[in-house]
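Here are my notes on the model, point by point. Please read them with the structure open.

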Amino acid sequence: MNLISSEMRGPWTLFKKELLRFWRVSFQTVAAPVMTALLYLLVFSHVLEGRVQVHGVNYTSFLIPGLIMMSVLQNAFANSSSSLIQSKVMGNLVFVLLTPISYLEFFLAFLAAAIARGLVVGLGIYLVVILFIDLPIIHPLLVLVFTILGSALLGAFGIIAGMWADKFDQMAAFQNFIIMPLSFLSGVFYSIHSLPPFWQEVSHLNPFFYIIDGFRYGFFGVSDMSPVVSLSIVALSFFAISWLALHMLKSGYKLRG
Amino acid sequence: MIPAIKIEQVQKHYGNLQALRGIDLAIEQGEFFGLLGPNGAGKSTLINLMAGLIRPTSGKLSVMGFDVQTQYRQARHALGVVPQELVFDPFFNVREMLRFQAGYFGLGPENDAWVDEIIECLGLADKAHTNMRKLSGGMKRRALIAQALVHKPPVIVLDEPTAGVDVELRQMMWEFIKRLNREGHTIILTTHYLEEAETLCSRVAMMKHGQIIALDSTANLLKKIPGKNLRLKLSAALPETLRPLLRHEVGSEYMLALTEVAQVELVLSQIREADIVVEDMQLIEADLEDVFVDLVGQP
């Protein structure tokens, strides 16, 4: 018996293909980010543990949710953006463009695969970390919601970047000059209350800050902002970026001339 | 009967460049149709429009009666396209790639038998589990054809499918495509090999500068070039008196257009009078290439 209807099989197949695409190179797409996050953790916790406490939480514990979410966001972005730019440059995107898959289905399949990669990387880091550090989760549902919303936001962002970029160089610029600064300056390594007032205000303009702050609240029950505010801003950002991505897909921007 | 492809007043502009300048064309179901023209004539643009890969500036296109823009799902179900470039997904093997492609068209495991049949027919059976990256150019070309057929489209478009393909594979591919045509599939072919179009296509459109400059049955187009061609290899340059008959020349080889066989004697006598030796000679029937050269101005 077919569990998937023939109408849904197109986007479902695209989602499955995208999953398999990153899973085939899981050393690069899952193991490497887990390793990088652990190295950050090792270095920063070694240097700062015992000297810094944030919201009454020791620094290593404070750092872990931020590092997990930073990896989740970067990998969700990398999944949709690299798949799109690669298949554009290689020319094999034509195989999807020739099919009856609609722009909305295309968007959902790429988004779901980006979320899946974000979840796998996040879970991978969490599972390795809890082997060494006791890290309770006070609000597991909130942790899950922020992980999904954060990956979705960056997955949609990745679709936009993948459509916009014509070469790998442009994609690297997008990643290094937009995604990396936004994620590093989002309070992964510090509470924004430790910043001067001006930079606190600037941080409030960064949607990544709300994702990490809300995610951290799920672990410790304390955060810089109210989790409701963070959730609303992240959800709004997701809808805005998704609207833009869908608009670009519908118009065929750089995909259908 | 609904035409397999209907193109009405289609124009495509890229800024100031007019890639297509008002194309009208209907291709009937079951036809083996040839689309010929030099590089930049607009053949690939027209195919990309049929496939919905680009959008027309104005005009309408339909595949099996389904509008390419407004009924794109049905139109794309009805069309299989073999792209010109050897594109492939480097992450997957041949069978995986074909199953994914079938899945995009809403087909599941019930279609696996057909996928296996295509793999077999195109001689890909021993490469079914080979990654696309590791296939030779010829094998990649077969995989591309297989990919266009996974959803059993009634209309199949082949954009220069035999470019860079060896003779053996070309023959095998054409046998398979002819079989599909006999089984009722409409075939639309663009090719630079005019003898292919002449052998295979029942009807041909010739394009130049984004316009169709000739559209007729292959037989009728051939009738437009009366007489025969005389190929000569000479020890010296062709006498000036014979220049009006010259179709083209390559080095010491000359192709002369004759309206009747009796002209051979006249040509030979003038060559003798000029004290030139005929090193080789061949009388050839006019072919589609001659029509093409006459209309388009270059082979």
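1. Which residues have the most contacts inside the largest nonpolar core? They are Ala156(A), Met50(B), Ala146(B) and Val157(B), in a core of 145 residues. A nonpolar core here is a set of buried Ala, Val, Leu, Ile, Met, Phe, Trp, Tyr and Cys residues joined through C-beta atoms within 7 Å. Helix H3 (residues 59–90) of chain A gives the largest share of this core, 14 residues.

2. A word on conventions. The model is predicted: local features need pLDDT of at least 70, side-chain atom pairs count only at pLDDT 80 or more, and totals for chains, interfaces and linings use all residues. Residues are numbered from 1 along each chain as its sequence is written, while chains are lettered from A and ligands numbered from 1 in the order in which they are written.

3. Take Ala146(B). Neighbours within four places in sequence aside, Ala146(B) is in contact with Leu98(B), Ile118(B), Ile119(B), Leu122(B) and Leu124(B). Contact means C-beta atoms, placed from the backbone, within 7 Å. Another core, of eight residues, lies apart from the largest one. Among its members are Leu230(B), Leu238(B), Leu256(B) and Val267(B).

4. Chain B is assigned two domains, domain 1 (5–223) and domain 2 (228–296). The bounds come from an automatic or database domain assignment. The domain centres, taken over C-alpha atoms, are 38 Å apart. Across the boundary, 14 residues of domain 1 of chain B are in contact with eight of domain 2. H7(B) gives the most to the domain 1 side, with four residues. That side has nine nonpolar, two polar and three charged residues. Ala, Val, Leu, Ile, Met, Phe, Trp, Tyr, Cys and Pro count as nonpolar, Asp, Glu, Lys and Arg as charged, and the others, Gly among them, as polar.

5. Now the chain contact. Chain A and chain B put in 24 residues each. On the chain B side, helix H2 (72–77) and helix H3 (94–104) each supply at least two. By class, the chain B side has 13 nonpolar, six polar and five charged residues.

6. Is Glu201(A) buried or exposed? Glu201(A) counts as exposed because it has 11 C-beta neighbours inside 10 Å. The cut-offs are 20 or more other C-beta atoms within 10 Å for buried and 12 or fewer for exposed, with partly exposed in between. Glu201(A) sits in helix H8 (residues 197–203) of chain A. Helices are DSSP runs (H or I, at least four residues), numbered from the N terminus.

Key:
Contact = placed C-beta atoms within 7 Å.
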